[in-house]
Amino acid sequence: MKMASWILLTIVGLLIALFSFGSMGVAYMGAASSDVITGSTSLADLSLSEDVATALRGRRGTAAAFGFAFATMFLIIVLGPYRKREVWAWWALLCPTVVLAGILALRIPTLGTSQGVSTGVTLLVAVGIGLLLDVRR
(Lines give C-alpha, C1' and ligand atoms only; values in the text may rest on other atoms or scores of the structure.)
Protein backbone atom coordinates (compact mmCIF):
# COMPACT_ATOMS: atom_id res chain seq x y z
CA MET A 1 0.00 0.00 0.00
CA LYS A 2 2.86 2.38 0.63
CA MET A 3 3.85 2.27 -3.04
CA ALA A 4 0.27 3.02 -4.13
CA SER A 5 0.25 5.89 -1.64
CA TRP A 6 3.28 7.75 -2.97
CA ILE A 7 2.32 7.04 -6.59
CA LEU A 8 -1.19 8.48 -6.08
CA LEU A 9 0.26 11.51 -4.27
CA THR A 10 2.77 12.01 -7.10
CA ILE A 11 -0.07 12.00 -9.62
CA VAL A 12 -1.97 14.55 -7.50
CA GLY A 13 1.12 16.79 -7.34
CA LEU A 14 1.66 16.54 -11.09
CA LEU A 15 -1.98 17.42 -11.77
CA ILE A 16 -1.74 20.46 -9.49
CA ALA A 17 1.36 21.55 -11.40
CA LEU A 18 -0.29 20.94 -14.78
CA PHE A 19 -3.45 22.91 -13.96
CA SER A 20 -1.41 25.72 -12.39
CA PHE A 21 0.79 25.91 -15.45
CA GLY A 22 -2.31 26.03 -17.66
CA SER A 23 -3.78 28.84 -15.58
CA MET A 24 -0.48 30.70 -15.80
CA GLY A 25 -0.61 30.38 -19.58
CA VAL A 26 -4.11 31.85 -19.68
CA ALA A 27 -3.08 34.71 -17.39
CA TYR A 28 0.11 35.66 -19.22
CA MET A 29 -0.33 34.54 -22.80
CA GLY A 30 -3.99 33.76 -23.41
CA ALA A 31 -6.56 35.93 -25.13
CA ALA A 32 -9.02 37.79 -22.92
CA SER A 33 -11.80 35.66 -24.40
CA SER A 34 -10.18 32.51 -22.93
CA ASP A 35 -9.95 33.97 -19.42
CA VAL A 36 -13.23 32.84 -17.86
CA ILE A 37 -14.20 34.81 -14.76
CA THR A 38 -17.35 32.95 -13.72
CA GLY A 39 -19.50 30.44 -15.52
CA SER A 40 -19.30 31.44 -19.17
CA THR A 41 -18.35 35.09 -18.59
CA SER A 42 -14.87 35.97 -19.81
CA LEU A 43 -12.76 39.10 -19.46
CA ALA A 44 -13.64 40.00 -23.04
CA ASP A 45 -17.37 40.01 -22.15
CA LEU A 46 -16.91 42.64 -19.47
CA SER A 47 -16.60 46.35 -20.13
CA LEU A 48 -13.36 46.82 -18.23
CA SER A 49 -10.60 49.29 -18.64
CA GLU A 50 -7.33 47.79 -19.83
CA ASP A 51 -5.79 48.43 -16.38
CA VAL A 52 -8.52 46.46 -14.57
CA ALA A 53 -8.27 43.57 -17.02
CA THR A 54 -4.48 43.53 -16.57
CA ALA A 55 -4.88 43.56 -12.79
CA LEU A 56 -7.30 40.61 -12.92
CA ARG A 57 -4.93 38.66 -15.15
CA GLY A 58 -2.08 39.51 -12.80
CA ARG A 59 -4.04 38.15 -9.85
CA ARG A 60 -4.71 34.95 -11.78
CA GLY A 61 -1.00 34.70 -12.58
CA THR A 62 -0.13 35.15 -8.91
CA ALA A 63 -2.59 32.44 -7.86
CA ALA A 64 -1.19 30.13 -10.55
CA ALA A 65 2.36 30.79 -9.35
CA PHE A 66 1.41 29.90 -5.78
CA GLY A 67 -0.33 26.75 -7.06
CA PHE A 68 2.74 25.74 -9.03
CA ALA A 69 4.99 26.44 -6.03
CA PHE A 70 2.68 24.35 -3.82
CA ALA A 71 2.86 21.50 -6.35
CA THR A 72 6.66 21.72 -6.46
CA MET A 73 7.00 21.56 -2.68
CA PHE A 74 4.36 18.80 -2.51
CA LEU A 75 6.26 16.71 -5.06
CA ILE A 76 9.62 17.26 -3.35
CA ILE A 77 8.15 16.00 -0.07
CA VAL A 78 6.35 13.04 -1.70
CA LEU A 79 9.32 11.89 -3.77
CA GLY A 80 11.87 12.49 -1.00
CA PRO A 81 11.06 12.13 2.69
CA TYR A 82 7.53 10.68 2.29
CA ARG A 83 8.77 7.92 0.02
CA LYS A 84 11.51 7.18 2.56
CA ARG A 85 8.71 6.76 5.16
CA GLU A 86 9.61 9.74 7.33
CA VAL A 87 6.65 10.36 9.66
CA TRP A 88 6.81 14.17 9.56
CA ALA A 89 6.31 14.10 5.78
CA TRP A 90 2.81 12.59 6.22
CA TRP A 91 1.81 15.63 8.29
CA ALA A 92 3.68 18.00 5.98
CA LEU A 93 1.40 16.87 3.14
CA LEU A 94 -1.84 16.79 5.12
CA CYS A 95 -1.65 20.13 6.98
CA PRO A 96 -1.25 22.53 4.03
CA THR A 97 -3.87 20.61 2.07
CA VAL A 98 -6.37 21.05 4.92
CA VAL A 99 -5.45 24.74 5.20
CA LEU A 100 -5.94 25.24 1.44
CA ALA A 101 -9.34 23.51 1.48
CA GLY A 102 -10.37 25.52 4.55
CA ILE A 103 -9.43 28.86 3.04
CA LEU A 104 -11.25 28.01 -0.19
CA ALA A 105 -14.31 26.95 1.84
CA LEU A 106 -14.36 30.44 3.41
CA ARG A 107 -15.74 31.66 0.06
CA ILE A 108 -19.15 30.30 1.00
CA PRO A 109 -19.79 32.40 4.15
CA THR A 110 -17.71 35.43 3.17
CA LEU A 111 -18.40 35.84 -0.55
CA GLY A 112 -21.65 33.93 -0.83
CA THR A 113 -20.35 31.69 -3.60
CA SER A 114 -19.19 28.12 -3.73
CA GLN A 115 -17.30 28.58 -7.00
CA GLY A 116 -13.79 27.22 -6.53
CA VAL A 117 -14.56 25.34 -3.33
CA SER A 118 -14.81 22.04 -5.18
CA THR A 119 -11.14 22.40 -6.14
CA GLY A 120 -10.09 22.39 -2.50
CA VAL A 121 -12.46 19.58 -1.56
CA THR A 122 -11.32 17.42 -4.49
CA LEU A 123 -7.68 18.00 -3.57
CA LEU A 124 -8.37 17.21 0.08
CA VAL A 125 -10.15 13.96 -0.84
CA ALA A 126 -7.40 12.86 -3.24
CA VAL A 127 -4.60 13.66 -0.80
CA GLY A 128 -6.60 12.11 2.05
CA ILE A 129 -7.01 8.84 0.13
CA GLY A 130 -3.32 8.83 -0.75
CA LEU A 131 -2.33 9.39 2.86
CA LEU A 132 -4.82 6.85 4.22
CA LEU A 133 -3.19 4.18 2.05
CA ASP A 134 -0.15 4.57 4.32
CA VAL A 135 -1.81 5.68 7.55
CA ARG A 136 0.16 3.18 9.66
CA ARG A 137 3.13 5.50 9.29
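The structure is a predicted model, where local features need pLDDT of at least 70 and side-chain atom pairs count only at pLDDT 80 or more, while totals for chains, interfaces and linings use all residues. Residues are numbered from 1 along each chain as its sequence is written, and side-chain values use heavy atoms, with hydrogens and water left out.

**Overall layout**

- The chain has five helices and two strands; helices (H or I, at least four residues) and strands (E, at least two) are DSSP runs, numbered from the N terminus.
- Starting at the N terminus, the elements come in the order α-β-β-α-α-α-α.
- A contact means heavy atoms within 4.5 Å. Among contacts between residues at least 6 apart in sequence, 68% join residues at least 24 apart.

**Inside the chain**

- Of the 137 residues, 34% count as buried. Buried means under 20% relative accessible area, exposed means over 50%, and partly exposed is in between (1.4 Å probe, protein chains only).
- The largest nonpolar core has 18 residues. Such a core is a set of buried Ala, Val, Leu, Ile, Met, Phe, Trp, Tyr and Cys residues joined through side-chain atoms within 4.5 Å.
- Helices α1, α2 (50-82), α3 (87-105) and α5 (117-132) each give at least two residues to this core, and the largest share, six residues, comes from α2.
- Leu9, Phe74, Tyr82, Leu93, Val127 and Leu131 have the most contacts inside the core.
- Take Leu93: leaving aside residues up to four places away in sequence, Leu93 touches Leu9, Phe74, Ile77, Val78, Tyr82, Val127 and Leu131.
- Thr10 sits in helix α1 and is buried, with a relative accessible area of 12%. Not counting residues up to four places away in sequence, Thr10 touches Leu75, Val78 and Leu79.

**On the surface**

- The accessible surface comes to about 8400 Å², and 71% of it belongs to carbon and sulfur atoms. Accessible areas come from the Shrake-Rupley method with a 1.4 Å probe; for residues, only the protein chains shown count as cover.
- Met3, Ile7, Ile11, Leu15, Leu18 and Phe19 make up a nonpolar surface patch, together showing about 610 Å² of accessible area. Patches take residues with over 30% relative accessible area and no salt bridge, joining like charges within 9 Å and nonpolar side chains (Val, Leu, Ile, Met, Phe, Trp, Tyr) within 5 Å.
- Leu18, found in helix α1 (residues 2-29), is exposed at a relative accessible area of 55%.

**Side-chain pairs**

- A search of the whole structure turns up one salt bridge, meaning a side-chain nitrogen of Lys or Arg within 4 Å of a carboxyl oxygen of Asp or Glu.
- Arg85 and Asp134 are the partners, at 2.9 Å from N to O. Arg85 is in the loop between α2 and α3 and Asp134 in the segment after α5, 49 residues apart.
- Arg85 is partly exposed at 35% relative accessibility, whereas Asp134 is buried at 5%.
- There are three aromatic pairs. Rings of Phe, Tyr and Trp (its six-membered ring) pair if their centres lie within 6.5 Å; planes under 30 degrees apart are stacked, over 60 edge-to-face, and the rest tilted.
- In the pair of Phe21 and Phe68, the ring centres are 6.2 Å apart and the planes sit at 45°, so the pair is tilted.
- Phe21 is in α1 and Phe68 in α2, so this pair ties together parts 47 residues apart in sequence.
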